[in-house]
Amino acid sequence: TRTCRVWRSRPRFWSRRPRARLGPDEYVVCADILAKTLNMLEDYAESIALLRDVIPSSIAAFGLDERRTLRLRYWLADALLHAGTDKAMIREAIEVFEDTSLRWPRVFKGSLEGCVETARAKLTLVDTPLPFDVGARVECRYAESDSDVSIGDLFDSSDSGSESGSESSDDDDDDDDGCWAPGTVVAHHYREASFDVGYYAPYQVRLDSGGLIYVVDPPAQIRPIIHDSE
(Lines give C-alpha, C1' and ligand atoms only; values in the text may rest on other atoms or scores of the structure.)
Protein backbone atom coordinates (compact mmCIF):
# COMPACT_ATOMS: atom_id res chain seq x y z
CA THR A 1 0.00 0.00 0.00
CA ARG A 2 2.79 2.41 0.87
CA THR A 3 4.52 1.62 -2.41
CA CYS A 4 1.35 2.62 -4.30
CA ARG A 5 1.19 5.89 -2.34
CA VAL A 6 4.80 6.60 -3.25
CA TRP A 7 4.05 5.95 -6.94
CA ARG A 8 1.12 8.36 -6.88
CA SER A 9 3.25 11.03 -5.18
CA ARG A 10 6.20 10.78 -7.60
CA PRO A 11 5.74 14.18 -9.34
CA ARG A 12 5.74 15.99 -5.99
CA PHE A 13 8.79 14.07 -4.81
CA TRP A 14 11.12 14.83 -7.69
CA SER A 15 9.96 18.44 -8.18
CA ARG A 16 10.03 19.34 -4.48
CA ARG A 17 12.58 16.92 -3.07
CA PRO A 18 13.58 19.01 0.00
CA ARG A 19 10.00 18.81 1.26
CA ALA A 20 9.56 15.11 0.59
CA ARG A 21 9.41 12.72 3.49
CA LEU A 22 11.22 10.01 1.50
CA GLY A 23 14.83 10.24 0.45
CA PRO A 24 15.94 9.27 -3.07
CA ASP A 25 17.14 5.86 -1.91
CA GLU A 26 13.84 4.83 -0.33
CA TYR A 27 11.87 6.24 -3.24
CA VAL A 28 13.87 4.25 -5.81
CA VAL A 29 13.65 1.09 -3.69
CA CYS A 30 9.85 1.47 -3.61
CA ALA A 31 9.82 2.00 -7.38
CA ASP A 32 11.93 -1.16 -7.77
CA ILE A 33 9.45 -3.21 -5.71
CA LEU A 34 6.46 -1.79 -7.56
CA ALA A 35 8.00 -2.38 -11.00
CA LYS A 36 8.78 -5.99 -10.10
CA THR A 37 5.20 -6.47 -8.87
CA LEU A 38 3.68 -4.90 -11.99
CA ASN A 39 5.79 -7.14 -14.22
CA MET A 40 4.70 -10.21 -12.24
CA LEU A 41 1.08 -9.11 -12.71
CA GLU A 42 1.80 -8.58 -16.44
CA ASP A 43 0.75 -4.93 -16.16
CA TYR A 44 3.59 -3.95 -18.45
CA ALA A 45 2.18 -0.62 -19.64
CA GLU A 46 1.97 0.69 -16.07
CA SER A 47 5.44 -0.65 -15.30
CA ILE A 48 6.94 1.04 -18.36
CA ALA A 49 5.28 4.36 -17.44
CA LEU A 50 6.65 4.13 -13.91
CA LEU A 51 10.17 3.22 -14.97
CA ARG A 52 10.44 5.83 -17.74
CA ASP A 53 9.62 8.40 -15.07
CA VAL A 54 11.92 7.12 -12.31
CA ILE A 55 15.02 5.90 -14.17
CA PRO A 56 16.31 9.34 -15.30
CA SER A 57 16.04 10.59 -11.71
CA SER A 58 17.79 7.48 -10.41
CA ILE A 59 20.62 7.97 -12.90
CA ALA A 60 20.96 11.62 -11.84
CA ALA A 61 20.96 10.73 -8.15
CA PHE A 62 23.05 7.55 -8.12
CA GLY A 63 24.66 7.05 -11.53
CA LEU A 64 24.25 4.57 -14.37
CA ASP A 65 26.37 1.81 -12.80
CA GLU A 66 24.69 1.83 -9.39
CA ARG A 67 22.77 -1.29 -8.35
CA ARG A 68 19.42 0.47 -7.90
CA THR A 69 19.58 2.01 -11.36
CA LEU A 70 20.64 -1.31 -12.89
CA ARG A 71 17.68 -3.08 -11.32
CA LEU A 72 15.24 -0.45 -12.61
CA ARG A 73 16.68 -0.73 -16.12
CA TYR A 74 16.39 -4.52 -15.94
CA TRP A 75 12.68 -4.26 -15.08
CA LEU A 76 12.19 -1.77 -17.92
CA ALA A 77 13.78 -4.09 -20.48
CA ASP A 78 11.75 -7.01 -19.12
CA ALA A 79 8.49 -5.05 -19.42
CA LEU A 80 9.31 -3.82 -22.91
CA LEU A 81 10.11 -7.35 -24.03
CA HIS A 82 6.90 -8.87 -22.69
CA ALA A 83 4.52 -6.01 -23.49
CA GLY A 84 3.70 -7.36 -26.94
CA THR A 85 5.14 -7.80 -30.41
CA ASP A 86 5.90 -4.18 -31.27
CA LYS A 87 9.35 -4.23 -32.90
CA ALA A 88 10.37 -0.81 -31.63
CA MET A 89 9.75 -1.89 -28.03
CA ILE A 90 11.58 -5.17 -28.54
CA ARG A 91 14.55 -3.35 -30.06
CA GLU A 92 14.60 -0.96 -27.11
CA ALA A 93 14.51 -3.96 -24.76
CA ILE A 94 17.51 -5.45 -26.56
CA GLU A 95 19.43 -2.16 -26.32
CA VAL A 96 18.71 -1.79 -22.60
CA PHE A 97 19.59 -5.43 -21.90
CA GLU A 98 22.82 -5.16 -23.91
CA ASP A 99 23.97 -2.04 -22.09
CA THR A 100 22.88 -3.30 -18.69
CA SER A 101 24.53 -6.69 -19.26
CA LEU A 102 27.92 -4.95 -19.59
CA ARG A 103 27.48 -3.21 -16.24
CA TRP A 104 25.65 -5.97 -14.36
CA PRO A 105 28.66 -8.22 -13.46
CA ARG A 106 30.40 -5.29 -11.78
CA VAL A 107 27.66 -5.16 -9.18
CA PHE A 108 25.76 -8.46 -9.21
CA LYS A 109 26.69 -12.09 -9.59
CA GLY A 110 25.63 -13.78 -12.80
CA SER A 111 25.10 -12.55 -16.32
CA LEU A 112 22.29 -11.11 -18.42
CA GLU A 113 23.49 -12.73 -21.64
CA GLY A 114 20.52 -15.10 -21.57
CA CYS A 115 18.17 -12.10 -21.44
CA VAL A 116 19.89 -10.56 -24.45
CA GLU A 117 19.65 -13.81 -26.41
CA THR A 118 15.99 -14.26 -25.49
CA ALA A 119 15.15 -10.71 -26.58
CA ARG A 120 16.92 -11.19 -29.91
CA ALA A 121 15.02 -14.44 -30.43
CA LYS A 122 11.68 -12.66 -30.01
CA LEU A 123 12.64 -10.00 -32.53
CA THR A 124 13.21 -12.80 -35.05
CA LEU A 125 9.98 -14.60 -34.13
CA VAL A 126 7.68 -11.63 -34.63
CA ASP A 127 8.39 -11.84 -38.37
CA THR A 128 7.11 -15.42 -38.43
CA PRO A 129 3.36 -15.44 -39.19
CA LEU A 130 1.12 -17.60 -37.03
CA PRO A 131 -2.12 -19.13 -38.35
CA PHE A 132 -4.31 -17.85 -35.49
CA ASP A 133 -4.48 -14.13 -34.77
CA VAL A 134 -4.84 -12.69 -31.29
CA GLY A 135 -8.56 -12.79 -30.56
CA ALA A 136 -9.16 -15.90 -32.70
CA ARG A 137 -11.50 -18.54 -31.34
CA VAL A 138 -9.75 -21.92 -31.10
CA GLU A 139 -9.80 -25.29 -29.41
CA CYS A 140 -6.79 -26.57 -27.46
CA ARG A 141 -5.93 -30.18 -26.76
CA TYR A 142 -4.66 -31.42 -23.43
CA ALA A 143 -4.33 -34.81 -21.76
CA GLU A 144 -7.00 -36.35 -19.57
CA SER A 145 -4.59 -36.03 -16.65
CA ASP A 146 -4.76 -32.23 -17.01
CA SER A 147 -8.55 -32.10 -16.78
CA ASP A 148 -8.48 -31.42 -13.03
CA VAL A 149 -6.46 -28.22 -13.36
CA SER A 150 -8.29 -25.55 -11.41
CA ILE A 151 -9.66 -22.45 -13.08
CA GLY A 152 -7.05 -19.75 -13.31
CA ASP A 153 -4.06 -22.09 -13.18
CA LEU A 154 -1.47 -21.91 -15.95
CA PHE A 155 -0.57 -25.23 -17.47
CA ASP A 156 1.07 -26.60 -20.58
CA SER A 157 -1.69 -27.58 -22.99
CA SER A 158 0.75 -29.79 -24.91
CA ASP A 159 1.33 -32.08 -21.94
CA SER A 160 -0.14 -35.20 -23.49
CA GLY A 161 2.07 -37.66 -21.69
CA SER A 162 5.29 -37.15 -23.63
CA GLU A 163 8.39 -36.43 -21.61
CA SER A 164 9.27 -33.20 -23.40
CA GLY A 165 5.72 -32.02 -24.02
CA SER A 166 6.67 -31.06 -27.57
CA GLU A 167 5.09 -33.95 -29.45
CA SER A 168 2.22 -36.39 -29.01
CA SER A 169 2.61 -40.13 -28.97
CA ASP A 170 1.31 -42.34 -31.77
CA ASP A 171 -1.18 -43.90 -29.35
CA ASP A 172 -2.66 -40.49 -28.58
CA ASP A 173 -3.03 -39.67 -32.27
CA ASP A 174 -4.53 -43.03 -33.23
CA ASP A 175 -6.65 -44.07 -30.26
CA ASP A 176 -7.46 -40.97 -28.26
CA ASP A 177 -8.29 -37.52 -29.55
CA GLY A 178 -7.60 -36.08 -26.10
CA CYS A 179 -9.62 -33.34 -24.46
CA TRP A 180 -10.37 -30.31 -26.62
CA ALA A 181 -11.35 -27.12 -24.79
CA PRO A 182 -12.59 -23.92 -26.47
CA GLY A 183 -10.83 -20.65 -25.85
CA THR A 184 -9.48 -17.42 -27.30
CA VAL A 185 -5.92 -16.60 -28.32
CA VAL A 186 -4.72 -13.77 -26.07
CA ALA A 187 -1.02 -13.53 -27.01
CA HIS A 188 1.59 -14.64 -29.49
CA HIS A 189 5.12 -15.71 -28.52
CA TYR A 190 4.35 -16.29 -24.85
CA ARG A 191 7.19 -16.77 -22.40
CA GLU A 192 7.70 -17.65 -18.74
CA ALA A 193 10.86 -17.28 -16.68
CA SER A 194 11.23 -21.06 -16.43
CA PHE A 195 11.45 -21.51 -20.23
CA ASP A 196 14.78 -22.27 -21.89
CA VAL A 197 16.82 -19.31 -23.09
CA GLY A 198 15.41 -17.98 -26.36
CA TYR A 199 12.26 -20.16 -26.28
CA TYR A 200 8.72 -18.80 -26.72
CA ALA A 201 5.47 -20.74 -26.85
CA PRO A 202 3.64 -19.76 -30.06
CA TYR A 203 0.32 -19.07 -28.31
CA GLN A 204 -1.19 -18.17 -24.99
CA VAL A 205 -4.89 -19.02 -24.83
CA ARG A 206 -7.59 -18.13 -22.32
CA LEU A 207 -10.00 -21.04 -22.05
CA ASP A 208 -13.71 -20.39 -21.78
CA SER A 209 -13.51 -22.08 -18.36
CA GLY A 210 -11.29 -19.21 -17.20
CA GLY A 211 -7.87 -20.86 -17.22
CA LEU A 212 -4.81 -19.58 -19.08
CA ILE A 213 -2.69 -22.07 -21.01
CA TYR A 214 0.21 -21.93 -23.42
CA VAL A 215 0.53 -24.07 -26.52
CA VAL A 216 3.96 -25.32 -27.54
CA ASP A 217 3.22 -27.61 -30.49
CA PRO A 218 0.73 -26.36 -33.04
CA PRO A 219 -1.06 -27.84 -34.90
CA ALA A 220 -1.09 -30.91 -32.63
CA GLN A 221 -2.54 -28.96 -29.69
CA ILE A 222 -4.54 -26.16 -31.33
CA ARG A 223 -7.13 -26.03 -34.11
CA PRO A 224 -9.97 -23.80 -35.34
CA ILE A 225 -13.01 -24.08 -33.14
CA ILE A 226 -15.62 -26.46 -34.52
CA HIS A 227 -18.71 -25.70 -32.47
CA ASP A 228 -18.59 -22.24 -30.94
CA SER A 229 -21.21 -21.54 -28.30
CA GLU A 230 -20.15 -17.90 -27.83
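Reader: Where is Arg103 found?

Author: Arg103 is in helix H6. Helices here are DSSP runs of H or I with at least four residues, strands are runs of E with at least two, and both are numbered from the N terminus. This is a predicted model, where local features need pLDDT of at least 70 and side-chain atom pairs count only at pLDDT 80 or more, while totals for chains, interfaces and linings use all residues. Residues are numbered from 1 along each chain as its sequence is written, and side-chain values use heavy atoms, with hydrogens and water left out.

Reader: Is Arg103 buried or exposed?

Author: Arg103 counts as buried because its relative accessible area is 17%. Buried means under 20%, exposed means over 50%, and partly exposed is in between, using a 1.4 Å probe and protein chains only.

Reader: What is Arg103 in contact with?

Author: Leaving aside neighbours within four places in sequence, Arg103 is in contact with Leu64, Asp65, Leu70 and Arg73. Contact means heavy atoms within 4.5 Å.

Reader: And which side chains make a polar contact with the side chain of Arg103?

Author: Asp65 is one of them, at 2.6 Å. The side chain of Asp99 also has a polar contact with that of Arg103, at 3.0 Å. A polar contact is a pair of N or O atoms within 3.5 Å; within protein, one must be able to donate a hydrogen and the other to accept it, and residues adjacent in sequence count only if both atoms are side-chain atoms.

Reader: Which residue meets Arg103 in a salt bridge at 3.0 Å, N to O?

Author: Asp99 does. A salt bridge is a side-chain nitrogen of Lys or Arg within 4 Å of a carboxyl oxygen of Asp or Glu. Arg103 and Asp99 are about one helical turn apart, because they are 4 residues apart in helix H6. Asp99 has 23% relative accessibility, so Asp99 counts as partly exposed.

Reader: Why would such side chains pair at all?

Author: Side chains of opposite charge can pair when their charged atoms come close.

Reader: Which residues are linked with Arg103 in a network of salt bridges?

Author: The network links Arg103 with Asp65, Arg73, Asp99 and Arg106. Within it, the side chains of Asp65 and Arg106 meet in a salt bridge at 3.6 Å, N to O. That pair links distant parts of the chain, 41 residues apart: Asp65 is in the loop between helix H4 (44–62) and helix H5 (67–82), and Arg106 is in helix H6 (residues 87–107). Asp65 is partly exposed at 35% relative accessibility, whereas Arg106 is exposed at 59%.

Reader: How many salt bridges does the structure hold?

Author: There are 12. Another example is Asp208 with Arg137, whose closest N and O atoms are 2.8 Å apart. Asp208 lies in the loop between strand E4 (201–207) and strand E5 (212–215) and Arg137 in strand E1 (residues 137–142), so this pair ties together parts 71 residues apart in sequence. Asp208 is partly exposed, with 37% relative accessible area, and Arg137 is buried, with 16%.

Reader: Back to H6. What about Ser101?

Author: Ser101 lies in helix H6 and is buried, with a relative accessible area of 8%. A polar atom of its side chain lies 2.7 Å from the backbone oxygen of Glu98. Neighbours within four places aside, Ser101 is in contact with Leu112, Glu113 and Val116.

Reader: New topic. How many helices and strands does the protein chain have?

Author: The chain has 8 helices and 6 strands. In sequence order, the pattern is α-α-α-α-α-α-α-β-β-α-β-β-β-β.

Reader: What share of the residues of the chain count as buried?

Author: Of its 230 residues, 43% do. As for contacts with a separation of 6 or more, 62% are between residues 24 or more positions apart.

Reader: Last one. What residues line the largest pocket?

Author: The lining divides into 17 nonpolar, 9 polar and 6 charged residues. Ala, Val, Leu, Ile, Met, Phe, Trp, Tyr, Cys and Pro count as nonpolar, Asp, Glu, Lys and Arg as charged, and the others, Gly among them, as polar. A pocket, on a 1 Å grid over the protein atoms alone, is an open set of points where a 1.4 Å probe fits, with protein on both sides within 12 Å along at least five of seven lines; lining residues have an atom within 4 Å of a point. Tyr44, Asp78, His82, Arg191 and Glu192 lie nearest the centre of the pocket.
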